[in-house]
Amino acid sequence: MDSEQVDYDIVIAGGGMIGTSLALALAPLGLRVAVVEAVARKDGQQPSFDDRSTALSRSTQRMFEAMGLWDEVVAASTPIADIHVSDKGRFGFSHIDAEEQGVEALGYVVINRVLGAVLQSRLLRTSGVDVQCPARIESIELGPDNATATLRSGDGEQTLTCKLLVAADGANSAVREMMGIAATKREYGQRAVIGNLLPEKNIDNRAFERFTEQGPLAILPVADGRAGFIWTVSEDDADRVLKLDDAEFLAEIQAEFGYRLGKFSRVGKRAAYPLILSKALRLTATRSVLVGNSAHGLHPVSAQGFNLGMRDVAALCDCIADPHTNRSDPGDAAVLDRYAQWRRSDQQKLVHFTDNLVRLFGSTRPGLRTLRNIGMIGFDLVPGVRSLFAKHTMGLAGELPRLSRGVPIR
Ligand SMILES: Cc1cc2nc3c(=O)[nH]c(=O)nc-3n(C[C@H](O)[C@H](O)[C@H](O)COP(=O)(O)OP(=O)(O)OC[C@H]3O[C@@H](n4cnc5c(N)ncnc54)[C@H](O)[C@@H]3O)c2cc1C
């Protein structure tokens, strides 16, 4: 395919968690869509559909319901009935309860690789969507009437023309840079070590978040009685932690978490992710738009990055399907302006909420330590505060697009 040119309505750069979900969400609109993904899933290297466990919020659940995918996703997930939040070495803990919130579950945990298999198998059965994989977008051109993306694959170079180019290529988005959009970035000086282990006691659909000197440690219920962990360690200590043998690793994570779930054993493969806060300065450029991590990369402490990205997907679909805008042109400036306006507040709130959580619970400053103790105890005593926190973690705060309310796009 040398310099072949193909026309689409929408080209999605990146077929990870968000890009694939967007392609599926757009399907009912009958547009011609292409997804360009650099890394094939079958070689085990796919960076989005990896061994991390993701907590899906209620708004993401509703989206998958509206997209007719929830039965398959829920069959591969574990519900969270209770979230237990504590601070190592301090009094007081908080918990949020599904029953108290009047919901079936506070969220559902799914392994990215497993969610990827569900999404990608549906994508292959979806008409109107072409998948180019493995193929990498190397350059773009943005014009008043259309955008072009030049991609390279094993077969050579190809140019795709479209009305709208969507950057869903992750936090280090090259397409965002090609769009001329800068992003602010701040390193937390931490890495998230992930994997799973077997707790002695039944984890019973409970999720735990424990704030330690190094940073937060999350323990999530996954399949077969196992627990997924996301352990934030300081950058200086990360290489040492990754080199520990299984017994040493289990002893260290146990010392951080304690024995609420009995003794830990049988730890699986581990991987680490550098933690960086990134925020794009704008969400759109001519005939192009950012969604998911290309727009915002969060610390995983609030388990919200994917869920926030899914609300980007829902809002973009709403804007494109809006009968008041030019339906035949998804890259029309009015569509993009509405999307940018709609998403700004939710994204900013969650970026600040997550960043403040990291600062509050990661700080060793005496004033902040007192505040976080009062905060955690007070937080449990004041149902209103807890409800608001739960609303954010469930993704139900603010004006929600149709898909996030569980209403099909068409
Ligand atoms: C340890 C950890 C735990 C997390 N837990 C949660 C959680 O519990 N809940 C939650 O909501 N979020 C969680 N997140 C955040 C979540 O994983 C991300 O927000 C989500 O994966 C972002 O998806 P994305 O598709 O935007 O980007 P990515 O996952 O980065 O995918 C981008 C894709 O684009 C492809 N790509 C890159 N460049 C190109 C190119 N030039 N051409 C073509 N393709 C390209 C890549 O190969 C990749 O497949 C967690 C994150 C971490 C690090």
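The chat below covers the ligand shell and the aromatic pairs of a predicted model.

Trainee: What are the ground rules here?
Mentor: This is a predicted model, where local features need pLDDT of at least 70, side-chain atom pairs count only at pLDDT 80 or more, and totals for chains, interfaces and linings use all residues. Residues are numbered from 1 along each chain as its sequence is written, and side-chain values use heavy atoms, without hydrogens and water.

Trainee: Which residues come nearest to the ligand?
Mentor: Glu37, Gln46, Ser48, Ala55 and Asn293, out of 33 residues around the ligand; near means a heavy atom within 4 Å.

Trainee: What does the side chain of Asn293 do there?
Mentor: One of its N or O atoms is 2.7 Å from a ligand oxygen, a polar contact (a pair of N or O atoms within 3.5 Å). A polar backbone atom of Ala303 is 3.0 Å from a ligand nitrogen, and one of Phe306 is 2.9 Å from a ligand oxygen.

Trainee: How much of the ligand does the protein bury?
Mentor: 91% of the 1,000 Å² that the ligand exposes taken alone, by the Shrake-Rupley method with a 1.4 Å probe.

Trainee: New topic. How many aromatic pairs are there?
Mentor: Five, counting Phe, Tyr and Trp rings (the six-membered one for Trp) with centres within 6.5 Å; planes under 30 degrees apart are stacked, over 60 edge-to-face, the rest tilted. Phe208 and Phe257 are edge-to-face, at 5.4 Å centre to centre and 90° between the planes.

Trainee: Is Phe208 buried or exposed?
Mentor: Phe208 is buried, at 3% relative accessible area; buried means under 20%, exposed over 50%, partly exposed in between (1.4 Å probe, protein chains only). Phe257 is buried too, at 1%.

Terms used:
A polar contact is a pair of N or O atoms within 3.5 Å; within protein, one must be able to donate a hydrogen and the other to accept it, and residues adjacent in sequence count only if both atoms are side-chain atoms.
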